[in-house]
Amino acid sequence: MDGVGSRRCAGDDDDPDYRTPVKRCKTGSGEETKSLVARRNTKIFNDMVHGSIELSPLAVDIMDSTTFQRMRSLRQLGFAAWVYPSAEHSRFQHSIGVAHLAATYMQELINHSSELQAMDQEDRRRLKLLAEIAGLCHDLGHGPFSHAFEKTLLPRLGYKPRNGDQHWAHEDMSLKLLDRIIDQKGLDLEQYGLDQGDVGIIGDLILGRDTTGMSSQSLNNGYVQPFLYEIVACKRNGIDVDKVDYLQRDGKNCGINCSTTFDRLPKFMRVIDGVLCFSYQNKNELQNLLTDRRHHYKRIYHHRKGVAIELMMSDALVEANGDLDISSKVDDPEAFERLDDSLINVVKNWSSPSAGMKRAQDLMRRVDARDLYSFCNEVVVPQERVHEFKKAPKASDITTCQNANGTRLTPEDIHVVRHSLDHGMKDRDPLECVQFYHKTDGGGETILHEGEYTLDKWVERMQEVRIRVYSKKREKMVAVRSALKQWAERTFGTSELKFGTPEGPRRCDRLLC
């Protein structure tokens, strides 16, 4: 692993940080903390988003493994790279950024929260290291092509998790792969001041827990407090370091700037009564973060061409699955490690292809030639009906509304997609789930309870649901658009569509004119 090495020794600071491996030993006079010699130095990296960042010896040991290095071959934005040519950044880069932010946020909380300053030095060091490793490993279990793998491809392959869960989740695989790294490398966690029980805590931090109403006593752990579960994967309001990193990183690589760098955010965070709190005076920065999330979904993640490419590539992989048997690999960590974005080249270069593989190759050639599925139009679901459309309508619901005298449509001719534009909590305002604090006259800090502060209405609609329809064949666009209008009129009592897309010639047709 390339990087600049640095060494810190116990005694360099009054408060030893997470980079100094320690271990607790029983002595005749009670428990005593003794420093161990680090197996390796910390390392400093130059990151395009955060500048110079320093990672702990344990983080570097985890990074220097085949399992972690696999994330170099996983694009952070999946098929968005076909729309934004510079969006080639990987899960590897994002994971390093999240680890850095997790450690940075923890250090800011330690510096400014009296509750954490009152804790044992070793417990503070341990909390910081747990947050860093959870941030580093939170995406270990991601499949190829970003979220399209688990949200689009696996359901279409008919995959059912063996553990009885309704859906496969990359977070569960992340825990399995972390265990695999520890076992394969023979990492001695005691050399870093951790034990096997701490691996379970890291897993909980990756999965996230709703901390509403949670107390330190309910966790039955001497040093872990509820706030720790909101650093990497916050289930209470969705404001966490994972989001802070990907919004900046995705925006930077797509040429879409965020409204701010969010550098001020951790400096106004506190831990009060074990709860993660934000300064009420800093609420505008939280609004900016949530607004940036919505804008990224609209301009990047839900880009019309990007979605068309995702649908085509998913169709191709479904066709190729008879040869690839993708779904059989997602429960076995060893087999799963071999799944990455190179699957596209595997399909393109498959020799002696079956009929299904040939169809897959034809679809991928269409993508390369920019002969994409055609976006026909979209309908914005009326606000009072949003709760009825938690899933996209069936393709047959649209095609049954076709003009009897027009082009014949079948459900196989179209894709129907549901998109939700919101701020992370569907129709709820995430700020309503944020715990705010303010400074008292005496210079202390206290939690603001409901009724002690007001939140202005900062957005017209918290959630907007859109139903999009794509035609697999361009010559059927007009018929599909007509069927969508008829469906909207029958369903909502209106035939008004979001876009009146003109009937322009194809690019190749224009070139021939």
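Colleague: What percentage of the 513 residues of the protein count as buried?

Modeller: Buried means under 20% relative accessible area, with a 1.4 Å probe and protein chains only. Here 53% of the residues count as buried. This is a predicted model: local features need pLDDT of at least 70, side-chain atom pairs count only at pLDDT 80 or more, and totals for chains, interfaces and linings use all residues. Residues are numbered from 1 along each chain as its sequence is written, and side-chain values use heavy atoms, leaving out hydrogens and water.

Colleague: How many helices and strands does the protein have?

Modeller: Both are DSSP runs, numbered from the N terminus: helices are H or I, at least four residues, and strands are E, at least two. The protein has 18 helices and 12 strands.

Colleague: What is the strand order in the open sheet of 4 strands?

Modeller: Two strands pair if DSSP finds at least two bridges between them. The order is E6-E7-E10-E11, with mixed pairing. Strand E6 (269-272) and strand E11 (445-447) are the edges, each pairing on one side only. On average, neighbouring strands are turned by 45° against each other, direction ignored.

Colleague: In which sense do E10 and E11 pair?

Modeller: Antiparallel, over 3 bridges; E10 covers residues 436-439. Tyr437 has Ile447 in E11 as its bridge partner.

Colleague: Which helix packs on the sheet?

Modeller: Contact means heavy atoms within 4.5 Å. Axes are lines fitted to C-alpha atoms, for helices over the stretch in contact; angles run from 0 to 180 degrees between N-to-C directions. Helix H3 (residues 91-112) packs there, touching E6, strand E7 (275-279) and E11. The direction of H3 makes about 60° with that of E6.

Note on methods
Buried means under 20% relative accessible area, exposed over 50%, partly exposed in between (1.4 Å probe, protein chains only).
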